[in-house]
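I opened my notebook to look up charged side chains that pair up. Here is what I wrote down, entry by entry.

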Amino acid sequence: MRKLAFLLRPKWLVLAAVVLAFAFLCFSVLAPWQLGKNTSTSERNDLITRSVDADPVPISDVLTADGFPAEDEWRRVIAPGSYVADSDVLVRLRSIRDQPAYEVITPFVIDGGPTVLVNRGFVLPVEGTRAPEFEAAPAGEVTLNARVRQAEGTSREPIEDDGRLQVYNINPEQIGAAVGVDAIDGYLQLDDAQPGGLGLIELPQTDAGPYLSYGLQWLAFGIMAPLGLAYFARAEIRERRNSRAELANAMSGEPDTEPEDEAGPDEEEEFTLPTRREKRARARAALRPTTPSDPRLADRYGKNR
């Protein structure tokens, strides 16, 4: 166990803590986050695909006391009723075909039923980010073809800008309180060519997205991080073992025990690097003092050739 004692040093303990914390986050937070998004995206795509081929139904078939069920999102409905006059609300920070836009929300009273918010479509800003003028919703009885949508959460409080009430999310509770109506949970998104409709908001693409691959990558990272720590610890152990062996050889002064291949009588001797013993011999010879007769003796016996 002594050879593993270096793992108890502060730098190794900190490294191990960081690696284990990263692996824990991969398995408990990052991978579930991406895999959860993949699951929700797949469920949304299934709902959209089913709604495209399904015939519209009366809104009373999907309306409950609590609003619209989640499993009926994107379903096409027919809603008779009338718009609430002078109650338009703009939704800020929307993007339509990669362009900034506003979406227009107007309350709608269903015949013999509650009030629901209707997303009439989008308008593009003018002069930078200023909201443009747009047509008011028609008065009187109308029948809408629309899609059921679930309510969004709230992020900020409504603001008043350019004389219009503006919000950041389509939340019936927040918008209803701001315009003085009691709207049910959820809202309707108009189909093309509907009374009061503005720019058509198209259905989202039904591709799965990269969430599954991202989730699998985080799982792989969570596995690779501890394996990487084990690899570096093993490399450190091996390096320490080699260093101790070299130090022991240097202290003992013993010659290398590795056998050297001798060239045969008819074979040309190959060039090899000098061994430690030869290096030490050459070093001692270089330090040995010379006499006046050494050059002559060296020349006579061919040592300088």
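**Salt bridge entries**

I started with arginine 147 and aspartate 191, whose side chains meet in a salt bridge at 3.6 Å, N to O. This pair links distant parts of the chain. I found arginine 147 in strand 6 (residues 142-149). Aspartate 191 sits in the loop between strand 9 (183-190) and helix 3 (211-252). The two are 44 residues apart. I noted that the model is a predicted one.

Are arginine 147 and aspartate 191 buried or exposed? I looked: arginine 147 is buried, and aspartate 191 is buried too.

Which residues are linked in a network of salt bridges with Arg147? I wrote down Arg76 and Asp191.

Next I turned to helix 3, which holds both arginine 240 and glutamate 236. They lie four residues apart, about one turn of the helix. Their side chains form a salt bridge, with N to O at 3.0 Å. Arginine 240 counts as partly exposed because its relative accessibility is 26%, between the 20% and 50% cut-offs. Glutamate 236 is also partly exposed, with a relative accessible area of 26%.

Then I checked arginine 75 and aspartate 72. Their side chains meet in a salt bridge at 3.4 Å, N to O. Why does aspartate 72 count as buried? Its relative accessible area is 14%, so it falls under the 20% cut-off. Arginine 75, at 32%, is partly exposed.

Last, I asked how many salt bridges the count comes to. I wrote down twelve.

Note on methods: Residues numbered from 1 in each chain as written. Predicted model: local features only at pLDDT ≥ 70, side-chain atom pairs only at ≥ 80, totals over all residues. Heavy atoms only, no water. Salt bridge = Lys/Arg side-chain N within 4 Å of Asp/Glu carboxyl O. Buried < 20%, exposed > 50% of the residue type's maximum accessible area, 1.4 Å probe, protein only.
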